[in-house]
Amino acid sequence: MSAHSTSSLHSSSSPLKTYFAVWIALLIGTGLTVYAATLDLGRFNAAVALGIATAKATLVALFFMHVYHASEKLTKLVVIAALFFLLLLLGLTMSDYATRPWS
Amino acid sequence: MSMEIAIPQPVERENYLNKEYGVWSWLLTTDHKRIALLYLISITFFFFIGGFFALLIRLELLTPAGDLVQADTYNKLFSMHGIVMVFFFLVPSIPAVLGNFLVPMMIGAKDLAFPRINLLSWYLYIIGGVMMVHCMLTGGVDTGWTFYAPFSTNFSNTKVVEAGLAVFVAGFSSILTGLNFVVTIHRMRAPGMTWSRLPLFIWAHYATSIIQLLGTPVLAITLTLVVAERALHLGIFDPKLGGDPVLFQHLFWFYSHPAVYIMILPAMGVITEIIACFSRKRIFGYSFVAFSSIAIAVFGFLVWAHHMFVAGTSVYAALVFSLLSYAVAVPSAIKVFNWTATLYKGSIHYDAPMLYAFGFLGLFTIGGLTGLFLAALGIDVHVTDTYFVVAHFHYIMVGGAVMGYLGGMHFWWPKISGRLYPEGWARLAALIVFIGFNLTFFPQFLLGYMGMPRRYYDYSHMPEFQVLNVLSTAGATVLGVGYLLPMVYFLWSMRYGKPASDNPWNAAGLEWMTTSPPPTFNFDEEPVVTWEAYNYEELDAPSHAQEVPVAG
Amino acid sequence: MRRRSPLPDSTLVGLHHEEEHHPELLHHFANAEQQRDSSSLGMWVFLATEVMFFGGLFCAYLIYRRWYFPDFAAASKSINMALGATNTAVLICSSLTVVLAVWAAQTARRTLLILSLIATMLLGVVFLGIKGIEYRDKFVEHHVPGASFSFENEPVPGHPGQFANPRHAEIFFSLYFVMTGLHALHMIIGLGIFAWLLYAAWKGRFTPEYHTPIEIGGLYWHFVDLIWIYLFPLLYLIDRHP
């Protein structure tokens, strides 16, 4: 997309720096996830693991998939819509399972 | 002076029909209009198959005893009637035929954004269809179109895997159609065609596409899990392993409820166009109708468990879904009010498309209201899995969607074929359809309320239900005649019908500003839109009326 | 460069066709920008459908994990965390090579483009290879659901003396195979896509003005990486603390 190429042509090395920084962050995040899994955090193990995963996913989406520099809101709207309906599926289904008194 | 020709011959301009001849020019076409016709032929074929199963069902139910077919066979009949009608007729019908034909034209584009993917959509539909036909010919499937586990996964002896895969493939076709429409509507509008100038048919198809895109994949994964469980023994819904059959229902209905909005929204779009044209008025409350389409698409995803009130969900979930189901009726009601307000003080013309629109208004309202009855938990416990539900959804899908489809086919037939259909026969057919429909399905409300269960081939312990069943079957016969008539006269008109002018209805919309039939690239010059939608005042202004050719 | 019209998402370019008739411009588009924007939107919308496709599996997974947590924990412990973590790193590296490929296409660096595409594919093959090893291990241990499934006497982590219910563990493994299998299928399709991109790049079809297939192929690949970013902790790390 035109705006995308414009932003990366501002300085040809800046996107590279971002990409390598994100790459390192992702690898560190993976290591953190594994390390955190070996700690006993009780009920927060899952939250931590998913939290780190979400942070990694956000980095991939924003910088590798260029959502951050997306030239129009429509791209972001599509991403948000997909996540919204996914959460709807998960959340409303859980509303049944979480309120069943018998299981 | 030139010689006056007594019988005007159709001017053989180059258009999308005569541009190329030969089977391969059709099978390898990327022209959205030709693809629309390919779909028209295919879905008509499946309509016959689904109708054939319906006929057998109604014949069996003429008598209380199960004497025409065996129980297992009857299970297959209603299953395949449902699968074929839902997935191979209703879901594609308006979007793949009228949508494919009209969406690019209505926005002033040359084609859809992805013409080759459009053709791929059709081939996927055909592949799914062939698989389904093969499944039917080699034993069929008896799980109901709902494929409930664990019967479908563990106990049915029929071709569940093949049917599931056939629907999966057809679903992928549906996803690609939705994808094409969304990108086209965002990216390919002609200069000046702003969102608020779009015909409401486009808004309706945009909303439909959102549902197709976000809902169908969940059906796909659910069917994948059923196939995996059956074929590979990967037990996700198997109660013996601790699996939950209700989970299947959650995942299945997450798509299948929005699916009913896939089936009705396009029809609503058609009806909007017809009512505006034949009232000679701009639709009342354009923004409300546009946004209500989007609201239906979004809200439609919030209500699926109202199909599961007696399935074993928690009471609290049932309450939430019941409340949400009341909410989803509001945008539909908004549309009905706006259509009615459009009619008020309009200049009403009773051409065949408008007769279908009137039929839609009444029948959709009844269907929608009975949906509210079902959304009430107390009533639902009483009438669920009875003929009340069957009548409710047939009022919407047949009284609503099919009448919308027929109305749209009549309205745009001159544009598609370049010919006029015979108006007298068309009005008669519309009347026959309306009468036949009500005779078929109104008794079913009564039957259901009195307790006749659905999916039963034998009601000999309730012989008092026979009278209403006989009425229903009689109605189905009348309805069948009503459906056959358009097929006959549309075909007849292709050779013997009067040639149509560009705009025989003097209707608003870019599609009417090009020839009938249109050229392959739709417009000789890219249109530039400087007027609002439904500019009927301008079209009917005396000075303008002289310039516009009247129906040939 | 065409100025963006006042209308945000329809590329208005006036009445007539662009002067540039780029060989890659398809006839039904008014100009290259419209084609590029359409392709990009099309891929994003497709990825949204993929989110919902995998979403159904995540829904099933979350429900059963909640119901059968001890059994899921025991089953999770039996899959190889080191291999899973390695695969996560492999995919992360492949996402880097993908963005490098896109950057190379944008800046007319054909050699880097080709090398990046090859590297991406190699990493994808490594991923699948490791997956194959894992699957083979599961097969050998009789953890593949079906007639020969067996999960007897497996201790529940953190609860000495308690053993996992084999039937519930079979549900875990059913989900494991469907989720990772579907993911692997998407990887294989991705490899196919990248093979085509590699061929086209080698033929010199991509320029700074036209490299949309690389961008949208990259989006697809990143998405496959995203799914794995969630699969890894959910499947491999349920209860790993000693």
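This is a predicted model: local features need pLDDT of at least 70, side-chain atom pairs count only at pLDDT 80 or more; totals for chains, interfaces and linings use all residues.
Q: What makes chain C a chain of helices and zero strands?
A: Chain C holds six helices and zero strands. Read from the N terminus, its elements run α-α-α-α-α-α.

Q: How do you know whether the radius of gyration of chain C is that of a compact globule?
A: The value for chain C is 23 Å, whereas a compact globule of 242 residues would have a radius of gyration near 18 Å. Along the principal axes, the C-alpha atoms of chain C fill a box of roughly 75 × 40 × 30 Å.

Q: Why are H1(C) and H6(C) called roughly parallel?
A: The axes of helix H1 (residues 32–67) and helix H6 (residues 212–236) of chain C cross at roughly 15 degrees and come within 10 Å. Angles under 35 degrees count as roughly parallel, so H1(C) is roughly parallel to H6(C). The crossing of these two helices is right-handed.

Q: Which residues make the contact of H1(C) with H6(C)?
A: On H1(C), the residues include Met43(C), Trp44(C), Leu47(C) and Phe54(C). On H6(C), Ile216(C), Leu219(C), Tyr220(C) and Phe223(C) are among them. By class, the residues of this contact are 11 nonpolar, three polar and three charged.

Q: Why is helix H2 of chain C called mostly covered?
A: A residue is buried if 20 or more other C-beta atoms lie within 10 Å of its own. Seven of the nine residues of H2(C), residues 69–77, are buried, and therefore the helix is mostly covered. Pro70(C), Asp71(C) and Phe72(C) are among the buried residues of H2(C).

Q: What do the buried residues of H2(C) pack against?
A: They pack against H1, helix H5 (166–202) and H6 of chain C. In chain C as a whole, 50% of the 242 residues count as buried.

Q: How many residues does the contact take from chain B and from chain C?
A: The contact takes 36 residues from chain B and 37 residues from chain C. Helix H6 (160–187), helix H7 (200–232) and helix H8 (245–279) of chain B each supply at least two residues of the side of chain B that touches chain C. H7(B) gives the most to that side, with 10 residues.

Q: Which classes of residue form the side of chain B that touches chain C?
A: This side of chain B has 23 nonpolar, seven polar and six charged residues.

Methods: Residues are numbered from 1 along each chain as its sequence is written. Chains are lettered from A and ligands numbered from 1 in the order in which they are written. Helices (H or I, at least four residues) and strands (E, at least two) are DSSP runs, numbered from the N terminus. The radius of gyration is taken over C-alpha atoms; the globule rule is 2.2 Å times the number of residues to the power 0.38. A residue is buried if 20 or more other C-beta atoms lie within 10 Å of its own, exposed if 12 or fewer, and partly exposed in between; C-beta atoms are placed from the backbone. Two residues are in contact if their C-beta atoms, placed from the backbone, lie within 7 Å. Ala, Val, Leu, Ile, Met, Phe, Trp, Tyr, Cys and Pro count as nonpolar, Asp, Glu, Lys and Arg as charged, and the others, Gly among them, as polar. Axes are lines fitted to C-alpha atoms, for helices over the stretch in contact, and angles run from 0 to 180 degrees between N-to-C directions. Angles under 35 degrees count as roughly parallel, over 145 as roughly antiparallel, 65 to 115 as roughly perpendicular and the rest as oblique. A crossing is left-handed if the near helix is turned anticlockwise from the far one by less than a right angle, and right-handed if clockwise.
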